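Work through the exercises below with the sequence and the structure open. Try each task before reading its solution.

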Amino acid sequence: MTREGIVNALVLVCLVLVPGWAFYAGETFTITLATRVVILALAAVGLNIALGLGGLVSLGHAVFFGLGGYTMGILAYHVQAYEPLFEWPFLFEGTKSMPAIWLAAVVLSALTAFVIGLLCLRTSGAYFIMITLAFGQMFYFFSISWSAYGGEDGLSIYVRNGFPGLNTLDPIQFYGLCFCVLVVVLWFASRLNRSRFGLALNAARQSPERVEAVGLRPFHLRLTAFVISGAVTGLAGALFADLNRFVSPAMFSWQMSGEIMILVILGGVGRLYGPVVGAIVFVALEHVLGDLSDYWHIYLGLLLLTVVLFVRGGLIGAVTGRRAAHD
Amino acid sequence: MSLVLIAEQVLNGLQFGIMLFLMAAGLTLIFGVMGLINLAHGSLYMVGAFCAAAVAGATGSFLLGLVAALAGAALAGALVEIVVIRRLYAKDHLDQVLATFALILIFSEGTRWLFGSFPLYLNVPEYLSGPVTLPGGIEYPVYRLTLIVIGLVVALGLFLLIGKTRIGVQIRAGENDREMIAALGIDIGRLYTIVFALGAALAGLAGALVGAIQSVQVGMGEPVLILAFVVIVIGGIGSIKGTLIGALLVGLTQTLGGIFLPELMKIFMAPSAATSVGASLASMAIYVLMAAVLIVRPTGLFGARA
Amino acid sequence: MTEAVLETRDLCKRFGALEVSKDVSISLRPGEIHAVIGPNGAGKSTLIKQICGAEKPDDGRIYLLGEDVTHLSVDARARAGLARTFQVSALAMEDTVLENAALGVVGASGKAFRFFRPVLKDTEVLSRVEAALERVGLADAAGKQTSELSHGQRRQLEVAIALTLAPKVFVMDEPMAGLGAEGSKTMTGFLDGLRHEAPILLVEHDMDAVFALADRISVLVYGSIIASGTVEEIRADPAVREAYLGDLS
Amino acid sequence: MLKSLAVGASMLALLSGAALAEPVKVGMITTLSGGGASLGIDTRDGFLLAVKQAGNKDLEVVVEDDQRKPDIAVQLADKMVQSEKVDVLTGIVWSNLAMAVVPSTTAQGKFYLSTNAAPSMLAGKGCHPNYFSVSYQNDNLHEAAGAYAKEAGFKKSFILAPNYPAGKDSLTGFKRLYGGELAGEIYTKLGQTDYAAELAQIRASGADSIFFFLPGGMGISFLKQYADSGIELPVVGPAFSFDQGILQAVGDAALGVKNTSQWNKDIDNEANKAFVEGFQAEYGRLPSLYAAQGYDTANLLLSAMAKADVKDADAFRAALEEADFKSVRGKFSFGPNHHPIQDIYVREVIKEGGVYTNKIVGTALTDHADVYAAECKM
């Protein structure tokens with residue numbers, strides 16, 4: 001087992017033990033925080049597929065996070081308000097079932113990522129960063145003024161959506177569900193990384209001419225990565241909305257995109273568990289620093305600066321000292 | 001809708017665009033010469049406004065406030081460049097985005113710590129307040145006219161600086177070939193600090209000028225920052241000419257879109273709904289413009305490099 | 001005369017006022033090594049780029065296996081059977097040697113959009129990759145990170161990737177560059193045998209290697225082919241001696 | 001940010017007869033950092049002032065910063081309920097944050113006392129027995145402005161607000177009691193800071209007055225640019241853009257503007273005097289509307305604590321409904337949907353010894369309730 005492997009295993013054990021302890025100690029809020037960690041990590045794992053493997057610096061991933069959130073919000077809202085979502089071609093009243101919501105969130109995010117990717121991937125470098133940001137802003141302003149679903153006030157869903165066989169209102173059960181989703185997606189991401197596609201995508205980041213010279217189109221590889229990435233972040237958005245039982249345009253904001261990116265970079269770009277470590281540290285900091293001072297953003301800023309300037313490969317890089325391993 | 005009103009709105013669009021230009025010019029210079037994406041540029045805009053408000057408040061002189069804004073922002077810019085930014089040139093865009101995002105946090109909360117959470121007072125000086133009647137019967141605020149003039153003068157100065165002076169030659173050399181300026185025996189470190197401070201000073205000036213008719217408060221820089229990015233991306237990163245045209249395009253789109261889109265919508269729907277839908281479309285208009293430009297020309301209107 | 005595998009007809013390319021290709025017509029026949037030589041700045045690299053599809057010619061046509069590929073993209077030409085090596089190594093430096101070579105197999109198989117099975121556990125891929133590495137003498141370095149390779153080893157890896165594509169044509173841009181005397185000799189021997197698998201269009205500065213390998217030589221000066229023929233003909237050509245070899249003899 | 005405040009026993013506690021039973025723990029979630037921090041800080045300071053003045057040792061307050069982000073607010077609410085085990089939540093400034101927190105909080109059986117935000121949803125269909133708004137219903141001040149505009153004889157008002165739900169509610173609220181013709185109706189971009197285009201439209205519209213709702217920095221920008229535009233029409237707005245905290249940043253541009261509010265520092269009663277003087281003594285600045293609302297909320301809570309045990313939800317709710325406390329607004333009572341029935345005043349911005357502030361010039365609405373009460377079934 002490599003050092004990174006050991007770190008990864010420790011992280012997973014942590015994510016099992018801490019909420020487990022909190023459950024027995026009755027520290028319900030710690031479970032809620034852990035759920036937040038897991039969901040934000042999931043969003044960042046999604047971004048990491050585009051960013052770490054594909055080298056696509058997207059400052060617009062809040063689009064997918066928000067779409068996932070609104071998919072949940074809208075589907076559940078119609079059930080809650082007894083107003084069918086549509087009546088033609090068949091009567092559809094919305095749904096409060098998580099698997100159905102997840103499916104819709106993933107499909108919608110993937111489709112949107114396909115369209116946005118098709119347009120944005122024509123550009124590169126700083127232009128790509130900015131055009132993804134622009135798409136984020138479009139969705140943000142649209143959601144603010146879309147009064148049918150609450151506009152800036154957002155949508156409140158009074159009861160968390162259901163999952164067959166689970167009581168999702170019980171924090172530990174909901175945590176377990178989110179944790180399982182994260183583990184499955186991490187497993188998928190690790191397989192993806194080692195697959196033919198992952199190999200080609202990795203190479204396209206490092207040397208696009210080479211990839212072309214062996215008969216592959218970097219554009220196709222990147223677009224596919226962007227779609228997968230958007231779908232995963234969209235799924236995270238649906239879970240995040242369920243955690244809060246609330247969705248609002250804040251999920252579309254460029255600060256949200258920035259935060260997801262921070263999680264990735266903090267933990268280590270391109271590292272499988274980088275986003276998870278990033279999310280743990282970020283949420284913990286938010287919590288601890290917030291208690292220390294009104295002006296805790298200053299300390300957060302200083303810490304981020306330190307990581308960027310002095311720690312190569314994020315926190316995982318600092319611990320393992322090696323480059324992102326390919327396996 | 002009368003012609004006078006339309007003319008006035010075009011003036012408003014120009015004025016807005018010109019202020020965006022001041023903000024975006026520094027951003028594009030910094031990107032062109034150093035290859036740096038600086039998200040903290042909006043913070044320098046805020047620093048300028050706060051310096052102006054503090055000094056104008058203490059001395060009662062708006063002009064001194066402007067001087068303070070230029071000096072304060074330039075100083076803050078130089079300081080940040082020396083302490084943080086110069087360590088970022090060799091890093092990729094990703095690290096730059098994160099590091100300058102961190103700078104935003106530090107600047108914003110630092111300013112709040114120094115000045116408190118309440119907005120500051122900064123107003124148009126007596127001699128520039130009130131409207132003036134222009135040919136054609138347009139009543140237009142003197143201060144906004146002044147802004148247009150100052151902006152055009154600065155733009156002209158910037159073109160001259162880059163086109164005609166020694167430092168301009170160095171800047172252009174830096175944009176084209178970083179190794180060459182080293183070979184020419186130019187002190188790159190110093191050049192970079194100067195360019196960054198220059199960009200910061202322009203942002204600070206914009207902050208102070210606009211601060212007089214807006215709210216001087218923490219976080220005022222971020223909305224403008226995003227608009228400035230839209231401007232330089234439309235214009236083509238690194239091109240001052242492109243930035244000027246991009247700024248005017250964005251200014252006009254924003255202003256005229258806000259007026260005509262709701263009117264346009266009234267053709268299709270009830271007035272109350274039309275204003276709401278029109279306003280929604282208007283707030284998305286410049287981003288649509290940007291996406292459209294990039295889809296047709298992936299490096300902006302005047303951008304050379306990919 | 002057999003049908004040419006690769007052929008350019010009257011290629012023209014200008015960068016502003018500078019004409020980098022002037023009516024360039026060359027052909028590559030089965031089983032041969034055709035070397036293109038010329039002084040620095042003669043337009044060799046631009047010619048290669050046009051042949052591979054990275055630059056569009058302003059005028060003229062390119063044929064691969066008798067098909068007009070002038071407007072095909074780089075990747076389409078690669079799929080059609082054209083394998084190139086780069087003058088400056090274009091490799092995924094963070095990946096291992098094995099992974100770089102596997103990329104060739106993945107590309108050639110046309111099955112890059114497989115998301116689950118680990119590519120390095122695919123025995124079919126592995127056997128082809130290992131065979132290619134073995135042939136260029138990199139088998140021992142398979143597990144190394146590419147950035148750790150010496151310059152010469154990177155050239156070898158370039159060739160190995162080209163081999164994994166099982167191409168119809170090789171286009172090699174200075175495969176000897178930076179190899180050193182010993183390395184050049186090995187590579188020369190290797191390429192000598194390779195021509196029977198697929199013909200090679202070779203751009204090379206190392207004259208010893210060129211004269212040892214080439215069946216035909218074309219001399220490119222200021223964008224024009226000033227001479228084309230066998231090694232003996234080129235050696236004897238006065239225009240070539242004047243324009244290019246003059247400073248060598 | 002967490003400040004636990006167990007206020008020590010004092011003479012006052014003994015005098016007031018005080019607590020019947022168990023201590024009450026209050027969780028305050030409000031905005032203490034970032035752009036909107038000044039509103040949250042005032043809310044907190046007003047609330048804590050009342051707690052301190054009462055000196056009731058059975059009231060413990062936990063304060064947290066929501067950064068004006070809905071997801072953070074939800075997280076904090078979870079923390080307050082699950083970890084701090086608070087009985088009552090309060091303090092949220094913004095409607096969108098309230099919508100995120102209130103429904104799930106009240107569903108979990110906790111009380112929520114609103115110090116400011118009171119969106120229509122929570123007053124009508126979404127009302128809840130455990131939810132009380134101590135401030136107003138969001139539409140109230142806009143309705144009052146409409147009523148004032150009608151009374152002042154305006155016939156052709158130009159109205160504008162940001163393009164988001166509170167903005168739309170605002171214009172709807174204004175129109176509800178205004179009744180006159182509109183010279184124009186504009187929704188601006190949320191967060192917009194340049195109003196040149198809108199001012200040009202106002203100038204061209206032939207309006208006889210302006211109503212605007214632009215909270216925070218938007219209002220400051222609008223007023224400064226309005227003053228500079230040379231348009232000289234009467235301006236009316238809700239109190240938010242004329243509050244103590246931001247008036248100083250607007251300066252002369254605000255002088256003479258009429259605005260509607262359910263409170264002002266010159267309302268003549270004992271409670272208000274104690275509040276205004278106490279606030280100045282404690283914090284060295286004039287109190288704002290948000291501080292007054294925080295102060296009233298704390299006093300409402302204290303009054304209920306004196307009557308019932310918070311663990312007995314029904315009794316505690318009944319005690320809250322009585323609203324048996326000395327409001328800084330003078331008379332105060334709750335309607336059937338737990339929103340205030342109160343007078344709403346018209347204020348004018350004046351300069352008083354170098355400080356910009358408001359004085360009451362009239363009453364726009366008397367014993368005013370909201371229109372959503374009918375939709376509330378509880």
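This is a predicted model: local features need pLDDT of at least 70, side-chain atom pairs count only at pLDDT 80 or more; totals for chains, interfaces and linings use all residues.

Residues are numbered from 1 along each chain as its sequence is written, while chains are lettered from A and ligands numbered from 1 in the order in which they are written.

**Exercise 1.** Find the strands of chain D that pair with β13(D), and state the sense of β11(D), β12(D) and β14(D) in these pairings.

Solution. 
Step 1. Two strands pair if DSSP finds at least two bridges between them.
Step 2. Take β11 (residues 258-261) of chain D: four bridges join this strand to β13 (residues 340-352) in the antiparallel sense. In this pairing S261(D) is opposite Y345(D).
Step 3. Take β12 (residues 333-334) of chain D, which pairs with β13(D) over two bridges, again antiparallel. F334(D) has P340(D) as its bridge partner. Five residues lie between the strands of this hairpin, and H338(D) has a positive phi near 65°.
Step 4. Take β14 (residues 355-368) of chain D, joined to β13(D) by ten bridges in the antiparallel sense. K351(D) faces Y356(D) here. The hairpin has two residues between its strands, and G353(D) in the turn has a positive phi of about 60°.

**Exercise 2.** Why is helix α7 of chain A described as largely enclosed?

Solution. 
Step 1. Call a residue buried if 20 or more other C-beta atoms lie within 10 Å of its own, exposed if 12 or fewer, and partly exposed in between, with C-beta atoms placed from the backbone.
Step 2. Apply this to α7(A), residues 196-206: ten of the eleven residues are buried, so the rest of the structure largely encloses the helix. Among the buried residues are R196(A), F197(A) and R205(A).
Step 3. Look for the cover, which includes α2, α6, α8 and α9 of chain A together with α3 (97-109) of chain C.

**Exercise 3.** Describe the side of chain C that touches chain A.

Solution. 
Step 1. Count contacts (C-beta atoms, placed from the backbone, within 7 Å): 32 residues of chain C touch 23 residues of chain A.
Step 2. Name the elements giving two or more residues to this side of chain C: α2 (74-79) and α3 of chain C. The largest share, seven residues, is from α3(C).

Notes
Two residues are in contact if their C-beta atoms, placed from the backbone, lie within 7 Å.
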